[in-house]
Amino acid sequence: MKQELSILIPTFNHPCLILVQDLLAQINDIGLQSYEIIVIEDGSTDMHSLQINASIEHLNHCKYIPNKHNIGRAAVRNELARMAQYAWLLFIDADMKIVSPHYLSLLLQTDEHHSVVYGGNSVHNDSEKPEYSLRYRYEKAGEKKSNELFASNKDRGNKNIHTSNLLIRKEVMLNIPFNEIITKYGYEDILLGRDLLKHNIHVYYIHNPVGFTHYDENELFLRKTEESLHTLYHLKDHLQGFSAILSAATTLEKWHLCPLAKWFYKAFCKKMQQHLTGNSPSLTVFSLYKLGYYISITDNKKER
């Protein structure tokens, strides 16, 4: 069993005191002696969250750093890794919930030769509200796909990892950090998976999820998705084979169907937006919207 652990939690406008307290309770149950929890505010502006999170500073073995400037999802995680003092790093997103009483124990019992361990996510707060339904349905579908992957013995090629629940050796993280060319939302975890694979480091998958309890409103999630697609365009040369959208766009280009896809997106984008921000969004429409939006980015770049 691993004997030391640094738990690293970046947060932006989200209270995470309960998450920290739940982790401390499990640490006490295990009897782990060498540990720390570091929370960094990545330029948070919400005073309610800041006031709640400030209490973390007074908890044993905890550090709370209220950074006033947002440096981005990749950079803040690299900063946390550099600050950590122990050999194993556990990245958890601030809006996740500990759902298993054995969560930390299972992670710490993984074999030492697995340098990177991903435990997955699960969906909670099942009372689906219309205004949050797009993110809820997206994560619910992702949970189902993730469970199928965990149940199979196939090599996943490091394609299905997320920073919401990732255990990694510190020396690996410092040698292969999150790529800070990513300054906007999205894909820092997928790019990390690719970079690890380039160094022949394979992610070990265990079914040991943390839980989603917070969902963006439909319009906000759609805006975040659009931002992530600009990130994907910026990284397209790095992420071939790691993105279903890139694969679909490549297929359309091969069969000279991009002009038709572009026409479809321009003709129906407003209606798709209205549908996706409405009360009962379809994930099929969401997939079509993402592909059309990405192709429109590609087309606009070519015209410049």
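I7 stands opposite L90 in strand β4 (residues 88-92). The model is predicted: local features need pLDDT of at least 70, side-chain atom pairs count only at pLDDT 80 or more, and totals for chains, interfaces and linings use all residues. Residues are numbered from 1 along each chain as its sequence is written, and side-chain values use heavy atoms, with hydrogens and water left out.

Strand β1 (residues 4-11) has two parallel partners. Three bridges join β1 to β4, and eight bridges join β1 to β2. Strands pair here if DSSP finds at least two bridges between them. Helices (H or I, at least four residues) and strands (E, at least two) are DSSP runs, numbered from the N terminus. On the β2 side, I9 stands opposite V39. β1, helix α1 (residues 17-30) and β2 form a right-handed β-α-β unit. Right-handed means that, with the strands pointing away from the viewer, the path from the first strand over the helix to the second runs clockwise. Seven of the eight residues of β1 are buried, so the strand is largely enclosed by the rest of the structure. Buried denotes under 20% relative accessible area, exposed over 50%, and partly exposed in between (1.4 Å probe, protein chains only).

E41 lies in strand β2 (residues 34-41). E41 is buried yet has no salt bridge. A salt bridge requires a side-chain nitrogen of Lys or Arg within 4 Å of a carboxyl oxygen of Asp or Glu. The nearest side chain of opposite charge, R77, is 12 Å away. Lys and Arg count as positive, Asp and Glu as negative; His and the chain ends are not counted. The E41 side chain instead makes polar contacts with the side chains of S44 (2.5 Å) and Y64 (2.8 Å). A polar contact is a pair of N or O atoms within 3.5 Å; within protein, one must be able to donate a hydrogen and the other to accept it, and residues adjacent in sequence count only if both atoms are side-chain atoms.

E188 is placed in helix α7 (residues 188-198). E188 counts as buried because its relative accessibility is 1%. Its side chain makes a polar contact of 2.9 Å with that of R73. Beyond four places in sequence, E188 is in contact (heavy atoms within 4.5 Å) with R73, A74, T163, F178 and I182.

A84 sits in the loop between α3 (73-83) and β4. At 3% relative accessibility, A84 also counts as buried. Its C-alpha atom is separated by 8.9 Å from that of I37, 47 residues apart along the chain. Beyond four places in sequence, the contacts of A84 include S6, L8, E36 and I38.
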